[in-house]
Amino acid sequence: MTETQEKQRQTNQMVVHSGDVELAVSCHGEPHNPTIILIHGYPDSSAVWDPVVEILQHHFHVVTYDVRGCGNSSAPGWMWDYTLSKLSEDLQAVMRAICPTQPVHLLAHDWGSIQTWESVTDHRLKSRIASYTSISGPCLDHIGMWMRNGIAANNRKALGGVMGQLVHSWYVYAFQLPFLAPAAWKLGLDKAWPGIVKKMEGVEHGVNPTQRKDGVNGINLYRANMLPRISNPRLRQTDVPVQLLVPTKDKFVTTALVESCYPYAHNVWRRDIDAQHWVVQSHPEWVANCVSEFVEFVETGRENPGLVKARV
């Protein structure tokens with residue numbers, strides 16, 4: 001059997017229905033191995049995970065899917081079809097289709113991580129989620145609580161942290177404008193995007209044939225969720241084992257936002273790396289190794305020295 005035939009044998013593509021939305025799902029590796037579901041961020045599709053999948057699939061059952069509005073998944077036209085609750089329903093639909101009885105492990109990046117916190121902090125899903133590895137995507141409710149507490153503290157350090165993150169999040173405000181951001185993607189940002197990422201982070205991002213669609217539709221994630229959740233945060237807690245992978249040179253997510261989960265996530269491990277936002281492409285071996293060790297620990301109870309040191 002050739003290498004190409006082996007990859008085709010190990011990869012299974014399917015469509016999962018979540019309400020009226022069709023989600024394009026790909027399964028890699030052997031189904032009898034522990035299942036890890038990977039959720040991508042903005043403005044990516046599931047293809048952003050390819051370098052990580054290539055490593056993990058040899059030991060795990062790896063599942064990727066295009067988030068609603070992206071890649072080969074269908075795209076609802078109404079902004080409120082992109083709320084965190086809808087995105088959680090999508091993940092649950094994938095879990096039911098792929099692994100209906102056994103708990104799954106979750107790995108998410110950027111907006112994929114933001115939306116996955118909604119499921120991880122849902123007590124009704126506690127028995128379905130074995131572990132969660134989060135990269136550059138904090139919980140919006142935790143951010144809201146952190147900002148509220150920082151302002152209430154009324155001291156220079158706390159206020160400085162809040163103001164610093166507001167500066168980092170300039171693009172969030174731009175995405176609230178009704179025409180500017182979609183127009184940018186339609187007027188050539190889609191074609192320029194791989195070059196922009198390479199210039200910013202030195203990463204070969206690759207050409208995404210659905211980049212315009214992904215960029216335009218994904219703006220609804222910000223509009224439907226950012227202001228409602230941050231301005232009116234809910235108390236969201238979890239006992240699920242959470243691993244935080246932190247690229248310390250991330251231009252979009254500060255370490256203060258990463259740490260905003262500490263009061264609400266009761267089992268946390270944190271591992272830092274000298275890297276930038278798209279660490280899933282710049283350092284796929286590191287990401288895959290961290291996830292492999294964490295999943296093995298949760299599955300077997302054997303915690304290696306690196307994880308012991310990473311406990312928060």
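**Exercise 1. Work out how helix 3 and helix 4 pack against each other.**

Step 1: Find the helices. Helices here are DSSP runs of H or I with at least four residues, strands are E runs of at least two, and both are numbered from the N terminus. Helix 3 covers residues 84-98, and helix 4 covers residues 111-120.

Step 2: Get the geometry. The angle between helix 3 and helix 4 is about 85°, and their axes lie 8 Å apart. Axes are lines fitted to C-alpha atoms, for helices over the stretch in contact, with angles from 0 to 180 degrees between N-to-C directions.

Step 3: Name the arrangement. Angles under 35 degrees are roughly parallel, over 145 roughly antiparallel, 65 to 115 roughly perpendicular, and the rest oblique. Helix 3 and helix 4 are therefore roughly perpendicular to each other.

Step 4: See who touches. Contact means heavy atoms within 4.5 Å. Residues L84, S85, L87, S88 and L91 of helix 3 meet W111, I114, Q115, T116, E118 and S119 of helix 4.

A quick note on the model: it is predicted, so local features need pLDDT of at least 70 and side-chain atom pairs pLDDT 80 or more, while totals for chains, interfaces and linings use all residues. Residues are numbered from 1 along each chain as its sequence is written, and side-chain values use heavy atoms, leaving out hydrogens and water.

**Exercise 2. Describe the aromatic pair of W111 and Y222.**

Step 1: Apply the rule. Rings of Phe, Tyr and Trp (its six-membered ring) pair if their centres lie within 6.5 Å; planes under 30 degrees apart are stacked, over 60 edge-to-face, the rest tilted. The count comes to 10 aromatic pairs.

Step 2: Y42 and W185 are edge-to-face, at 6.4 Å centre to centre with 85° between the planes.

Step 3: Now your pair. W111 and Y222 are also edge-to-face, at 5.4 Å and 70°. W111 sits in helix 4 and Y222 in helix 9 (residues 211-231), 111 residues apart.

Step 4: Check burial. Buried means under 20% relative accessible area, exposed over 50%, partly exposed in between (1.4 Å probe, protein chains only). W111 counts as buried because its value is 2%, and Y222 is buried at 5%.

Step 5: Widen the view. Y42, W111, W185, W193, Y222, F252 and W278 form one aromatic cluster.

**Exercise 3. Find the kink in helix 9.**

Step 1: Look at N225. A kink of about 30° lies there, shortly before the proline P228. The bend is the angle between axes fitted to the seven residues ending at a residue and the seven starting there.
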